Amino acid sequence: MKFLNQLRAEGRVNDLEALLDHIPYARFIGLRVHQLGDEVITELPPQAHLTGNPNLPAVHGGVVGAVLEMTAVLQLIHDTDCERLPKTVDVSFNYLRPVRSDTITYGRATVTRQGRRVANVRCELWQNERDRVVANSHGHFVLAPLDAHQPST
Amino acid sequence: MPSDGAHPVTGEAIADHLTNIPHAAALGLRFHDVTEHYVEISLPYDEKLVGDPDTGVIHGGAITALLDNAAGFAVRVPGEEAEPIAIATLDLRIDYMGPATPGREVIARATCFKRTRSITFVRGVAYHDSPDDPIATCTATFMTGTPNSTRPLTGRGGVRPAEGTG
């Protein structure tokens with residue numbers, strides 16, 4: 001059984017925290033999510049094993065990318081009824097400032113355009129100051145809507 | 001990784017560097033191959049990296065970290081004794097061509113296409129058996145400089161000091 005359907009059967013499909021609990025990689029990086037009304041905010045707590053540059057210390061660029069990507073996916077799941085997880089087609093990350101690994105990182109995504117099959121999502125991360133964006137991204141995701149034929153990808 | 005001292009891009013240096021990056025160690029990234037044209041590192045399969053529990057396919061974030069690290073190593077000229085250099089990733093674009101096969105190691109090959117005085121352009125591909133059958137490809141742009149000429153690392157507007165870690 002697909003785990004999104006399982007969560008749906010349990011009436012928890014909109015519980016993004018429960019969803020993250022089912023994704024091993026999300027547990028590996030310790031990603032959390034907060035739902036504030038219709039806002040979805042992700043939170044990456046400081047953790048030593050996420051460090052890519054010990055000198056600063058800074059979060060590894062791959063983890064920064066993963067948080068941007070997962071924030072986008074969580075926003076899509078929040079906004080749409082998905083049969084299964086949206087799949088990333090492409091995503092472009094900009095590294096604007098050091099992302100310190102001894103500081104909490106927050107993420108917020110905006111669905112720029114949502115078609116029937118593909119969505120374009122922008123996302124940004126910040127740390128201590130909301131207006132100082134440390135990294136941002138835009139990407140395309142293939143959706144698997146509940147009420148449509150599944151994409152072949 | 002220390003930002004001073006010479007860093008010849010040899011297999012040994014890459015393997016040593018990977019063990020000193022906490023997240024690379026947590027992922028289990030390993031040196032795979034280096035030639036005058038490219039650098040390769042690998043990511044072993046691990047269930048903790050699964051991104052979709054329905055399929056067992058590892059998350060794109062692990063592939064991103066793999067490609068990012070490989071691209072960072074390709075900034076320096078393979079095999080050459082290099083001057084100390086600070087590397088900051090400006091941007092990284094990933095295209096996902098197909099899922100990684102559960103249970104299999106993923107290899108990333110990164111090739112430098114152009115080095116200017118301050119900017120380096122790198123492309124990469126993640127694959128199982130052949131780069132011609134890609135799992136994902138990437139395009140990365142790096143800013144380079146000697147450590148002394150780099151903007152203050154923690155100051156406002158400072159570049160992200162990646163030192164090849166992306």
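Mentor: Before we start, a word on terms: two strands pair if DSSP finds at least two bridges between them. Helices (H or I, at least four residues) and strands (E, at least two) are DSSP runs, numbered from the N terminus.

Trainee: Thanks! What kind of model is this?

Mentor: This is a predicted model, where local features need pLDDT of at least 70 and side-chain atom pairs count only at pLDDT 80 or more, while totals for chains, interfaces and linings use all residues. Residues are numbered from 1 along each chain as its sequence is written, and chains are lettered from A and ligands numbered from 1 in the order in which they are written.

Trainee: Okay, which strands form a hairpin in chain B?

Mentor: β6(B) and β7(B) do, with 3 residues between them.

Trainee: How do side chains sit in a regular strand?

Mentor: They alternate between the two faces of the sheet.

Trainee: Changing topic: how many residues of each chain are in contact across the A–B interface?

Mentor: 36 residues of chain A touch 37 of chain B, where contact means that the C-beta atoms, placed from the backbone, lie within 7 Å.

Trainee: Which element gives the largest share of chain A's side?

Mentor: β5(A), with 8 residues. That side of chain A divides into 18 nonpolar, 13 polar and 5 charged residues. Here Ala, Val, Leu, Ile, Met, Phe, Trp, Tyr, Cys and Pro count as nonpolar, Asp, Glu, Lys and Arg as charged, and the others, Gly among them, as polar.

Trainee: What does β5(A) join on chain B?

Mentor: β5(B), residues 86–96, through 5 bridges, and the two run antiparallel. One spot to look at is A:N94, which stands opposite B:D91.

Trainee: How many helices and strands does chain A have?

Mentor: Chain A has 4 helices and 8 strands, and chain B has 3 helices and 8 strands.

Trainee: What share of each chain is buried?

Mentor: It's 44% of the 153 residues in chain A and 48% of the 166 in chain B. Buried means 20 or more other C-beta atoms within 10 Å of the residue's own, with C-beta atoms placed from the backbone.

How values were computed: Contact = placed C-beta atoms within 7 Å. Buried ≥ 20, exposed ≤ 12 C-beta atoms within 10 Å, placed from the backbone.
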